[in-house]
Amino acid sequence: MTFAAPTRDSLRRIARLPLMTRLLGKAMALSYRLIGKHRYDDFRLERVYGMPFVVTPSVFNPKVPRTGEFLASQIDSRLVQRDWEVLDMGTGSGVCAMFAARHARRVVAVDINAAAVRCAGINALLNHLEHKIDVRQGDLFAPVQGERFDLILFNPPFLRGTPTDDRDRAWRSSDVAERFVGGLREHLRPRGSALVLLSTFGDGGHFLHAFREQGFGVSVFAERRFVNERLTVFRVVPLESQLCRAVPVQR
């Protein structure tokens, strides 16, 4: 199947939610506050498909916003081969790195937040995967200069704007889309690809625009609808890669 550049329809898929749906989302956010799920700055123990994860203060929780858990659910032996090296960008608690490490030869997990780096390291130990996971602190591709990967995973900040603190970096950025896309090609192996999760909760359209401008093919890999948002995992491949013509897209 040939990967095409993002169309107007694909951009609409991740446009902002209609007013009524956004209001419903705010109501759900209020309900989270009432039951305590808003407390991102507490220590929490979560389970994602049977695997335990400690979530420490200022670290993105993979279950409460659902995005980390959904992306992790797509990572299995059909996607990741045993001899692959995987990069988990913006690893947070390390949830996607852990799921990838169960199948890959090696995983590098990167986060700009020092607390997230410590948290991911704890979870690697907790899940007995520390021998396969290399956790590094840094901004986007800075910690992996000169390295290439078979698969790059990214659950990026969806909202445009300047983050106010480390926790807010998981939600908001003014230039992550452009900088990630600008460095992506030089960190992919010849048949490598990226999986990028976007949500209708935020302004994901700037990612698709950036992929199109930099010559990447984009296709829907997986999608799930909730009451207040739709999550879409996009597979991103350089247009010059033979993988554009060789890999079918899951729907």
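Helices here are DSSP runs of H or I with at least four residues, strands are runs of E with at least two, and both are numbered from the N terminus. Before going on, I noted that this is a predicted model, in which local features need pLDDT of at least 70 and side-chain atom pairs count only at pLDDT 80 or more, while totals for chains, interfaces and linings use all residues. Residues are numbered from 1 along each chain as its sequence is written, and side-chain values use heavy atoms, with hydrogens and water left out.

**Whole chain**

I got nine helices and eleven strands for the protein chain. Of its 251 residues, 55% count as buried. Buried means under 20% relative accessible area, exposed means over 50%, and partly exposed is in between, with a 1.4 Å probe and protein chains only. The chain exposes about 11700 Å², and carbon and sulfur atoms supply 52% of that. Those areas come from the Shrake-Rupley method with a 1.4 Å probe; for residues, only the protein chains shown count as cover. I also looked at contacts (heavy atoms within 4.5 Å). Among those with a separation of 6 or more, 69% are between residues 24 or more positions apart.

**Helix 8**

Back to helix 8, residues 205-213, where I find Gly 205. Which residues of helix 8 are buried? I list Gly 205, His 206, Phe 207, Leu 208, Ala 210 and Phe 211. Gly 205 counts as buried at 18% relative accessibility. Its C-alpha atom is 9.1 Å from that of Phe 158, a residue 47 positions away along the chain.

Phe 207 has a relative accessible area of 0%, and Phe 211 also comes out at 0%. They are four residues apart in helix 8, so about one helical turn separates them.

**Aromatic pairs**

My rule: rings of Phe, Tyr and Trp (its six-membered ring) pair if their centres lie within 6.5 Å; planes under 30 degrees apart are stacked, over 60 edge-to-face, and the rest tilted. That gives six aromatic pairs. I looked at Tyr 49 and Phe 99: the ring centres are 6.3 Å apart and the planes are at 85°, so I call the pair edge-to-face. Tyr 49 lies in the loop between strand 1 (44-48) and strand 2 (51-55), and Phe 99 in helix 4 (residues 95-101), so the pair ties together parts 50 residues apart in sequence. Tyr 49 is partly exposed at 49%, whereas Phe 99 is buried at 2%. Next I took Phe 207 and Phe 211, whose ring centres are 6.5 Å apart with planes at 45°, so that pair is tilted.

Both of those belong to one aromatic cluster, together with Phe 141, Phe 154, Phe 180 and Phe 216. Phe 216 also has Arg 185 over its face, 4.4 Å from the ring centre. I found the charged end of Arg 66 over the ring of Phe 226, at 4.0 Å from its centre. For this I need NZ of Lys or CZ of Arg within 6 Å of the ring centre and within 35 degrees of the ring normal.

**Cores and cysteines**

A nonpolar core is a set of buried Ala, Val, Leu, Ile, Met, Phe, Trp, Tyr and Cys residues joined through side-chain atoms within 4.5 Å. The largest one has 61 residues, and those with the most contacts inside it include Phe 141, Ile 152, Phe 180 and Phe 211. Helix 4 gives the most to this core, with seven residues. Apart from it I see another core of five residues, among them Val 55, Val 59, Ala 115 and Cys 119.

How many disulfides are there? I count zero, taking a pair of cysteine sulfur atoms within 2.5 Å as the test. Cys 119 is buried at 1%, and Cys 96 is buried at 5%.

Most residues other than glycine have a negative phi. His 128 has a positive one of about 60° although it is not a glycine. I place His 128 in the loop between helix 5 (114-126) and strand 5 (133-137), exposed at 60%. Leu 140 has a positive phi near 50° and sits in the loop between strand 5 and strand 6 (149-154). Buried or exposed? Leu 140 is buried, at 10%.
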